[in-house]
Amino acid sequence: MAMRQTPLTCSGHTRPVVDLAFSGITPYGYFLISACKDGKPMLRQGDTGDWIGTFLGHKGAVWGATLNKEATKAATAAADFTAKVWDAVSGDEVLTLAHKHIVKSVNFTQDSSCLLTGGNDKTIRIYDINKPEAEPQEITGHTSAIKKALWCNNDTQILSAADDKTVRLWDRTSTAVVKQLSFDMSVSSMEYIPDGEVLVITYGKTIAFYNALSLDLIKTVDAPASIHSASLHPDKDFFVAGGDDFKLYKYDYSTKEELESYKGHFGPVHCVRFSPDGELYASGSEDGTLRLWQTEVGKTYGLWKCVLPGEFVLNWVQVWRLSWP
């Protein structure tokens, strides 16, 4: 009999969770940041979901959030026309970067020296964090709001997805478009995997995989419902996706076979990402919660404890759950 998936529920937000991101693996473990329409991005321990702190300062919905690899810096993108950079250790605000419209996306370079932003003013901006007084480099060309902008190819190129139904690959130095993909509808999400240069794009019910440097199509998979987000496992064995039907789907990357589907959220799933070690994936939903799901159900990891057949053991997480209605 298949073991039952028991997600860990991370509460605290009061509005829909619209973006999330993991740090790399640090000497203190790895960390998870969430963006929410309540305007209060939160930092958590990545393997347990335990709340660490809330970044206070935005005056509108937060649409995007990210951590640098070392989990020492955080960045957020918000409806108050700003992107902010935070000290992720102290929680202090380091920089406020004023924009002309709602900011949707933030992404650090690998050395954390520059921040990439994109949003409703259709412009990609590159800020030198060490020179906050300097004007940002601007890249224009999209004709509608930018949903996501990501560094790629060792920070020499930029990938962007916009409501103009295109995904574009830009050269950082010349700011010219190197390649472009066009779709019949707006792209709902985009994930870049540096190892192997894989780009994961979702639109409608489709999850598509591309070579991130050539933008050549690798494969597509159609899901049963409209998909808002998808994430590829670090080992590229599986990928997960979530969307309108409140479910999380897990697929075999090689065969495209649906392996599992779980319903845990009480609203559409807006974002999903694998942890850097691949042991779990996190999802954020319209219901205001994040949930952590095991990649291998039944394995002892984080707050999950493997119980062998015949044993009756309640770990403290299960006891805590049973004590609440």
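# Close-up views of a predicted model

**Figure 1. Strands E23 and E24 (residues 247–252) run antiparallel to each other, paired over 5 bridges.** Helices (H or I, at least four residues) and strands (E, at least two) are DSSP runs numbered from the N terminus, and two strands count as paired if DSSP finds at least two bridges between them. This is a predicted model, with residues numbered from 1 along each chain as its sequence is written; local features need pLDDT of at least 70, and side-chain atom pairs count only at pLDDT 80 or more. Totals for chains, interfaces and linings use all residues, while side-chain values use heavy atoms, with hydrogens and water left out. Back to the strands: Gly242 has Leu248 of E24 as its bridge partner. E23 and E24 make a hairpin with 3 residues between them, and Phe246 in that turn has a positive phi of about 75°.

**Figure 2. On its other pairing, E23 meets strand E22 (residues 227–232), again in the antiparallel sense and over 5 bridges.** Look for Ser231, which sits opposite Val240 in E23. This hairpin has 5 residues between its strands. Lys236 lies in the loop between E22 and E23 and has a phi near 60°, a positive value in a residue other than glycine. Most residues other than glycine have a negative phi. How many of the 6 residues of strand E23 (residues 238–243) are buried? It's 5 of the 6, so E23 is largely enclosed by the rest of the structure. Buried here means under 20% relative accessible area, exposed means over 50%, and partly exposed is in between (1.4 Å probe, protein chains only).

**Figure 3. Here is the largest nonpolar core, with 18 residues.** Such a core is a set of buried Ala, Val, Leu, Ile, Met, Phe, Trp, Tyr and Cys residues joined through side-chain atoms within 4.5 Å. Leu159, Val167, Phe183, Met190, Leu199 and Ile201 have the most contacts inside this core. At least two core residues come from each of strands E14 (146–152), E15 (157–162), E16 (166–171), E18 (189–193), E19 (198–203) and E20 (206–211). Which strand gives the largest share of this core? That would be E19, with 3 residues.

**Figure 4. A closer look at Leu199 and the residues around it.** Contact means heavy atoms within 4.5 Å. Setting aside neighbours within four places in sequence, Leu199 touches a list of residues including Leu159, Val167 and Met190, plus Ala208, Phe209 and Tyr210. Glu197 is in the loop between E18 and E19. Its phi is near 55°, positive in a residue other than glycine. Glu197 also counts as buried, at 16% relative accessibility.

**Figure 5. Thr66 belongs to strand E6 (residues 62–67).** Is Thr66 buried or exposed? It counts as buried, with a relative accessibility of 8%. Leaving out neighbours within four places in sequence, Thr66 is in contact with Ala21 and Ile33, with Lys73, Ala74 and Ala75, and with Val106, Asn107 and Phe108.

**Figure 6. Two cysteines, Cys114 and Cys152, in a structure with 0 disulfides.** A disulfide would need a pair of cysteine sulfur atoms within 2.5 Å. For Cys114, the nearest cysteine sulfur is that of Cys152, 15 Å away. Cys152, in turn, has the sulfur of Cys114 as its nearest cysteine sulfur. How accessible are the two residues? Cys114 is buried at a relative accessible area of 9%, and Cys152 is buried at 1%.

Figure 7. Residues 96–137 are 0% helix and 50% strand, with end C-alpha atoms 16 Å apart. Over residues 139–180 the values are 0% helix and 57% strand, and the end C-alpha atoms are 15 Å apart.

**Figure 8. Stepping back, the protein has 1 helix and 28 strands.** Its radius of gyration is 19 Å, close to the 20 Å from the globule rule for 325 residues, so the protein is as compact as a globular protein of that length. That radius is taken over C-alpha atoms, and the rule is 2.2 Å times the number of residues to the power 0.38. The C-alpha trace spans about 65 × 45 × 35 Å along its principal axes. Of the 325 residues, 56% count as buried. Among contacts with a separation of 6 or more, 41% are between residues 24 or more positions apart.
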